[in-house]
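Please look over the entry below first.

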Amino acid sequence: MQQQVVIAGGGPVGLWLAAELRLGGVSVTVVEERVDIDQRSKALTIHPRTLEILASRGVHEPFLAEGLAIPGGHFAVLDDRLDFRALETPFPYTLALPQARTEELLEEHALALGAVIVRGHRVTGFTEHPEAVTVQVDGLDGAYELRAAFIVGCDGSRSTVRTAAGIDFVGTPSTVLGWLGDVTLDSPPRPGFSTFGLRGGVMVAPLPGARYRLVGVSPDSLTTEWPGDLTLEELRAKTLAVTGEDFGMRDPVWLSRFGNATRLAAQYRRGRIQLAGDAAHQHFPAGGVGMNVGIQDAHNLGWKLAATLRGWAPDHLLDTYHTERHPVGAQLMEHSRAQTALMTGFTPEGMDLRSLFSGMIATQPALNKALSERLTALAVSYPTPDPTAHPLTGTSAPDLAFTGSENHLFSRLRPDSYLLLDLTAGVLADRTRPGLVVDTATLDQPPSAWATVRAALIRPDGHVAWAGIDEADTALSAAADRALATTHRTVAR
């Protein structure tokens, strides 16, 4: 069986990548070991930048309709929460939605676009050739092979693809075992309940079906020894020790422990092999960012793979997947470890540090905003080698409004093309080519950073590749052509 791309792993990351590849005109097969979607939802949180990504493909409405909007997030379960309402985004909130439902919606999206998804099959290895990859698969009816131009490992922290590729997974081992339980509560606490003290910390979040998730960490969690599977009795005892009550917990549907092993793949790309999501980065699930960073990996990689396979991208484009996303993974490691330190300081000194930092979040709006932008990935900006580039270069473009139009920028982005946003009434209108569309418009009440911009080149993933402010039309045209020369294989019109 021949496909252009094989994806190992059909979780949220693999499914979003499959959809992006199909939108880019590339054939794709997703190989997923699970026969059915796992109803034990590891992730519950969709952050603003991920909602922007969904909106840029017009698939965000079902998520908004079913999810619970919460106007903030937490950093290390500090008493003072981060306030997302000041963020410059159409989605200034956390959306609470179980991962199982997120996967169902993403699978529907990918299937509707023509992705092939095979469940109950497992990638066991691959052989890389100069022009292709032969992928070994264990299927329901026995072993078989797939041949593709590329393989992407979206197969979790124990990634078979990463291991087979010989890519190092570097970091620190687990020293903490957090615990969680999805249960029924006869006497649930108030919405948004969390508490933290010398005896430990507990958060309680509502789930569909009148259930609740309890997540906690306690002094006895600081261990490298596996104490056995978590039981309802142990969850009850831990919750009682921290909060003084058990909220009438009963009927568990999932009980689990999770560690703080923190590791980062040394390479996100090696030849015809790419890694995304947990296959590329593993960390303590602080702040609910893991699934979001994985989807953002896929959003960066998908259009680049498609552009490469369709032949209009420059040869070096795929290399930028590692150079752009690996630093994001390193930052994820940093703030996950920092939160872990704040969440496991069960000493008077640790409590004072938490109190001090929490108070600063509450009283320093700049700190609150900076942490919020980092947690939600709205602060992610990709580096540019040009020291003279406009400051917008590399940032994610906001959902710009246009005069006389109900369509904002997100609805105009193309998954298979750059968007050359011409704000000059047509000076750049004749530059359309494969992988590029030109949109002439006028900004309506632009953000201050965009007030003097006369043209911008927006990548398919929504990040700014170039912005021009030259007043002279000839200078602007020359600058636009230089930008296009670096992003497209040919420049002839």
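How many nonpolar, polar and charged residues are in the lining of the second largest pocket? There are 16 nonpolar, 11 polar and 6 charged residues. Nonpolar covers Ala, Val, Leu, Ile, Met, Phe, Trp, Tyr, Cys and Pro; charged covers Asp, Glu, Lys and Arg; the others, Gly among them, are polar.

This is a predicted model: local features need pLDDT of at least 70, side-chain atom pairs need 80 or more, and totals for chains, interfaces and linings use all residues. Residues are numbered from 1 along each chain as its sequence is written, and side-chain values use heavy atoms, without hydrogens and water.

The second largest pocket holds about 820 Å³ of space. In all, 33 residues line the pocket, and T384, P385, T393, A465 and T486 are the closest to its centre. Each element in the table supplies at least two lining residues.

| Element | Residues |
|---|---|
| α7 | 290–310 |
| α8 | 319–343 |
| β26 | 464–468 |
| α12 | 473–487 |

Helix α2 spans residues 48–56. Just after α2, G58 takes a positive phi of about 70°.

R147 lies in strand β11, residues 142–148. R147 is partly exposed, at 37% relative accessibility, where that class runs between the buried limit and 50%. Its C-alpha atom is 4.5 Å from that of T134, 13 residues apart along the chain.

Key: On a 1 Å grid over the protein atoms alone, a cavity is a set of points where a 1.4 Å probe fits but cannot get out, and a pocket is an open set with protein on both sides within 12 Å along at least five of seven lines; lining residues have an atom within 4 Å of a point. Grid points are joined across faces, edges and corners, and a volume is the space filled by probe spheres set on the points. Helices (H or I, at least four residues) and strands (E, at least two) are DSSP runs, numbered from the N terminus. Buried means under 20% relative accessible area, exposed over 50%, partly exposed in between (1.4 Å probe, protein chains only).
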